[in-house]
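Please look at the sequence and the structure before reading on.

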Amino acid sequence: MAGVVEIHEMVMDGNVMRMRAVPGIDLPAGQPVDLKPGGYHVMLLDLKRALKDGEAVPVTLVVEGRDGKRETLEVQA
């Protein structure tokens, strides 16, 4: 669906809201972390085709524990 998938964050820079890619986000144990517009979110870049309203897109997330062990999660966004 996309050539590149990135995690972005929205931050205030003075009076201007800016968006930037981040290499990853912390996932504190037992606490929810939201991926949503206006905060951390997943950006699909270089789309292969236009997406239909409400269409689900498969995304692979890689989660790394404190011990360095990685787990791959398949989700529908």
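## D46 in strand β3

D46 is found in strand β3, which covers residues 41-47. In this predicted model, the phi angle of D46 is near 55°, a positive value in a residue other than glycine. Most residues other than glycine have a negative phi. D46 has a relative accessibility of 55% and therefore counts as exposed, the cut-off for that class being over 50%.

## Overall make-up

The protein chain contains five strands and zero helices. Read from the N terminus, the order of its elements is β-β-β-β-β. The C-alpha trace spans about 40 × 35 × 20 Å along its principal axes.

Of the 77 residues in the protein chain, 9% are buried. The limit for that class is under 20% relative accessible area. Strand β5, residues 70-76, is hardly covered: among its seven residues the count of buried ones is zero.

## The β4-β5 hairpin

Strand β4 takes in residues 58-64, and it runs antiparallel to β5, with seven bridges joining the two. Together β4 and β5 form a hairpin with five residues between them. G68 lies in the turn and has a positive phi of about 85°.

Two of the facing positions can be named. V63 stands opposite E71 in β5, and E64 has R70 in β5 as its bridge partner. E64 and R70 also form a salt bridge, in which the closest N and O atoms are 3.2 Å apart. R70 counts as exposed because its relative accessibility is 59%. E64, at 47% relative accessibility, counts as partly exposed.

## The largest pocket

How much space lies in the largest pocket? The volume is about 780 Å³. The lining of this pocket consists of 24 residues, and those nearest its centre are I25, L27, V62, V63 and E64.

Strands β1, β4 and β5 each supply at least two residues of the lining. The largest share comes from β4, with six residues.

## A nonpolar surface patch

Which residues make the nonpolar surface patch of about 460 Å²? They are V5, L27, V33, L35, Y40 and V42.

V5 lies in strand β1, residues 2-13. Its relative accessibility is 46%, so V5 counts as partly exposed.

## Salt bridges

How many salt bridges does a search of the whole structure find? The search finds five. Side chains of opposite charge can pair when their charged atoms come close.

D34 forms a salt bridge with K36, and here the closest N and O atoms are 3.9 Å apart.

## K36 in its loop

K36 is found in the loop between β2, residues 16-22, and β3. At 46% relative accessibility, K36 counts as partly exposed. K36 and E9 are 27 residues apart in sequence, and their C-alpha atoms are 9.5 Å apart in space.

Methods:
Residues are numbered from 1 along each chain as its sequence is written. This is a predicted model: local features need pLDDT of at least 70, side-chain atom pairs count only at pLDDT 80 or more; totals for chains, interfaces and linings use all residues. Side-chain values use heavy atoms; hydrogens and water are left out. Patches are made of residues with over 30% relative accessible area and no salt bridge: like charges are joined within 9 Å, nonpolar side chains (Val, Leu, Ile, Met, Phe, Trp, Tyr) within 5 Å. Accessible areas come from the Shrake-Rupley method with a 1.4 Å probe; for residues, only the protein chains shown count as cover. A salt bridge is a side-chain nitrogen of Lys or Arg within 4 Å of a carboxyl oxygen of Asp or Glu. Helices (H or I, at least four residues) and strands (E, at least two) are DSSP runs, numbered from the N terminus. Buried means under 20% relative accessible area, exposed over 50%, partly exposed in between (1.4 Å probe, protein chains only). Two strands pair if DSSP finds at least two bridges between them. On a 1 Å grid over the protein atoms alone, a cavity is a set of points where a 1.4 Å probe fits but cannot get out, and a pocket is an open set with protein on both sides within 12 Å along at least five of seven lines; lining residues have an atom within 4 Å of a point. Grid points are joined across faces, edges and corners, and a volume is the space filled by probe spheres set on the points.
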